Amino acid sequence: DEARAGYAARNPQSAAMLRRNQAFMPGGNTRSVLFYEPFPLVMARGEGCHLWDADGHRYVDLLGEFTAGLYGHSNPVIRAAILEALEGGLNLGAHNMLEGRLAELVCGRFPSIERVRFTNSGTEANLMALAAAKAFTGRPRILVFTGAYHGGVLTFVSGPSTASVPHDFLLAPYNDEETATRLIRENADSLAAVLVEPMLGSGGCIPGDPAFLSALRAETEAVGALLVLDEVMTSRMSGAGRQAMLGLRPDLTTLGKYIGGGMSFGAFGGRADVMALFDPTRPGGLPHAGTFNNNVLTMAAGAAGLTQVFAPETADALFARGEALRDRLNALCRARAAAMQFTGLGSLMNAHFTAAPIRRPADAASGDARLRDLFFFDMAEAGFYLARRGLVALMLPLGQPELDGFAGAVGQFLERRAALI
Ligand code: PLP
């Protein structure tokens, strides 16, 4: 309560902004994930790896726009690409000079992506991938997993809450190879696809076991269903996502976040024979219009990022930095025998307030929610901005001083709150 009161006292402008916006948006919110009690921070500006809120406090940005902000705020390369595209005119209502370039870059990076199409978000990319799988197989069912998040209308973080989506879902526990195998075999004739994140992102940065993921590959293949790998968050883990690290070749992959250079973006792609469903020269194909699918700003920003900033070696280096940071934070937790740990892979991690091993969403749910809130308030006070649920997504401009500073702040949190953890 004291931490909450301190937060409220330090951030009157953010509080006032929420009150004002409540008159125009339900709860003053247009992005559910950003809301928390007593009120969310309003950010006024970003530069490099820093953010400034409406009350003028400066933060190290450890949230990185839920992984879309990989390049940092106002990255000069991305900025120049956007400005150049802007000069050529927005919304040309036609094919443009840029979309083929980004498609070539994405196909060049991901060997499993033989053909790709662009969308405006990761949510749409997943919806289109599922539509493709159903049309290609002529089957209705989709196997998904507890704790998974594939978009606002495809969320299974707290069980199936997707009544509004016309899909026939089967739900299995994440990282439970046996149940998934059984369900795939039992539904051999009706299963169109298995949709899975190689690491649960919103579900708390819980990595998929390699054996679990390869079982999904083998079992889908055996029954003629498609494996759709949602790499919207994990694509940053190497030049070609987590699939390359695991030697896994999905039928379809969905992408989003930073690949559009930080602009609105999604993509789905994979096997040429499946993607041929969208070939407009073929009769009876699947429609996939979308006013902004090839918008010039995203196409330009995405291509600039992949060619000039995020080379595969840069992806590997960022992964290694993230691993080192997570090891360091976990060592701090262990040294104090605290009921706290950081799960994740590479540059993506999530704080959890339990010392027990976390392999499935239920393990994470047993963590102490009040400590999670306290951690958020203490980090904000110390000048580190992360997701309220404890997600940390490292961005490229973060330097060693910022990472050292964060480790120091976590150490202080463990000391200051020792009686509670
Ligand atoms: N899939 C995963 C794994 C995600 O983490 C997200 C967003 O957080 C999405 C899909 C949805 O992407 P978007 O928010 O662009 O619709």
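Colleague: Is the crossing of H11 and H14 left-handed or right-handed?

Modeller: This is a predicted model. Helix H11 covers residues 312-335 and helix H14 covers residues 400-416, and their axes are 10 Å apart at an angle of about 20°. With angles under 35 degrees counted as roughly parallel, H11 and H14 are therefore roughly parallel to each other. The handedness of their crossing is right-handed.

Colleague: Which residues of H11 and H14 make the contact, and how many of them are nonpolar?

Modeller: H11 contributes Leu325, Arg328, Leu329, Leu332 and Cys333. From H14 come Leu403, Ala407, Val410, Gly411 and Leu414. The contact of H11 with H14 includes 1 charged and 1 polar residue, and its count of nonpolar residues is 8.

Colleague: Into which domains is the protein chain divided, and how far apart do their C-alpha centres lie?

Modeller: Domain 1 is made of two segments, 2-70 + 313-416. Domain 2 is the segment 76-309. Between the C-alpha centres of domain 1 and domain 2, the distance is 27 Å.

Colleague: How many residues does each domain give to the contact, and which elements each supply at least two residues of the side of domain 1 that touches domain 2?

Modeller: Domain 1 gives 24 residues to the contact and domain 2 gives 22 residues. By class, the side of domain 1 that touches domain 2 holds 12 nonpolar, 9 polar and 3 charged residues. The elements that each supply at least two residues of this side are H11, strand S13 (341-345), strand S14 (348-352) and helix H12 (361-365).

Colleague: Which helix gives the largest share of the shell around the ligand?

Modeller: There are 16 residues around the ligand, and those that come nearest are Ser121, Gly122, Thr123, Gly151 and Val232. By class, the shell has 10 polar, 4 nonpolar and 2 charged residues. The largest share, 3 residues, belongs to residues 122-137, that is, helix H5.

Colleague: Is H1 parallel or oblique to H13?

Modeller: The axes of helix H1 (residues 2-10) and helix H13 (residues 369-381) come within 9 Å and cross at roughly 40°. That angle makes the relation of H1 to H13 oblique.

Colleague: Which residues make the contact of H1 with H13, and how many of them are charged?

Modeller: The crossing of H1 and H13 is left-handed. On the H1 side stand Ala3, Arg4, Gly6 and Tyr7, and on the H13 side Leu374, Phe377, Asp378, Ala380 and Glu381. The contact has 5 nonpolar residues and 1 polar residue, and the number of charged residues is 3.

Colleague: At what angle do H3 and H10 pack, and how many nonpolar residues does their contact have?

Modeller: H3 and helix H10 (residues 296-309) pack at an angle of about 145°, with their axes 8 Å apart, and their crossing is right-handed. Among the residues in contact are Val77, Ile78 and Ala81 of H3, with Val296, Leu297 and Ala300 of H10. By class, the contact has 2 polar residues and 1 charged residue, and its nonpolar residues number 12.

Colleague: Where does Pro38 lie, and is the peptide bond from Glu37 to Pro38 cis or trans?

Modeller: Pro38 belongs to the loop between helix H2 (12-21) and strand S1 (43-47). Omega of the bond from Glu37 to Pro38 is near 0°, and the bond is cis.

Colleague: What is the phi of Ser74, and where is its place?

Modeller: Ser74 is not a glycine, although its phi is positive at about 55°. The place of Ser74 is the loop between strand S3 (58-61) and helix H3 (76-87).

Terms used. Residues numbered from 1 in each chain as written. Predicted model: local features only at pLDDT ≥ 70, side-chain atom pairs only at ≥ 80, totals over all residues. Axes fitted to C-alpha atoms, helices over the stretch in contact; angles between N-to-C directions. Helix = DSSP H or I, 4+ residues; strand = E, 2+ residues; numbered from the N terminus. Parallel < 35°, antiparallel > 145°, perpendicular 65-115°, else oblique. Left-handed = near helix turned anticlockwise from the far one by under 90°. Contact = placed C-beta atoms within 7 Å. Nonpolar A, V, L, I, M, F, W, Y, C, P; charged D, E, K, R; others polar. Domains from an automatic or database assignment. Near = placed C-beta within 6 Å.
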